[in-house]
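I opened the model today to look at its helices and one loop. My notes follow.

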Amino acid sequence: MTKIAVSVEEAVEMSGISRSGLYKMFRAKKLTPRKNGKRTLVLVSELSALIENLPVAA
């Protein structure tokens with residue numbers, strides 16, 4: 001079964017974006033953190049879309 005949401009630590013591992021980078025994206029409203037109790041989750045689809053829409057390196 002594929003996860004639809006992951007922890008911040010898993011999002012860091014999956015994306016290669018640093019933990020502080022993810023929190024910067026939360027503050028800039030580029031990613032929406034979700035809360036489940038004390039855990040912060042990131043939707044995998046939202047993380048994938050963000051990365052796919054990053055500028056292409058020249």
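Which residues are buried in helix α3 (residues 44-52)? I noted first that this is a predicted model. In α3, I found V44, E46, L47 and L50 buried. They sit on the same side of the helix because they cover an arc of only 165° around the axis. An α-helix has 3.6 residues a turn, so residues three or four places apart point the same way.

Next I looked at the other face of α3. Turned away from the buried side, it carries the exposed residues S45 and E52.

I then checked what the buried residues of α3 pack against. The list is β1 (5-7), α1 (8-15), α2, β2 and β3 (39-43).

I moved on to α2 (19-27). Here G21, L22, M25 and F26 are buried. I found the exposed residues K24 and R27 on the face of α2 turned away from its buried side.

What do the buried residues of α2 pack against? I listed α1, β3 and α3. The buried residues of α3 have α2 on their own list.

Last, I followed the chain out of α2. Just after this helix, K29 takes a positive phi of about 65°. I noted that K29 is not a glycine. K29 belongs to the loop between α2 and β2 (34-36).

Notes
Residues are numbered from 1 along each chain as its sequence is written. This is a predicted model: local features need pLDDT of at least 70, side-chain atom pairs count only at pLDDT 80 or more; totals for chains, interfaces and linings use all residues. Side-chain values use heavy atoms; hydrogens and water are left out. Helices (H or I, at least four residues) and strands (E, at least two) are DSSP runs, numbered from the N terminus. Buried means under 20% relative accessible area, exposed over 50%, partly exposed in between (1.4 Å probe, protein chains only). The arc is that of the directions from the helix axis to the C-beta atoms. Contact means heavy atoms within 4.5 Å.
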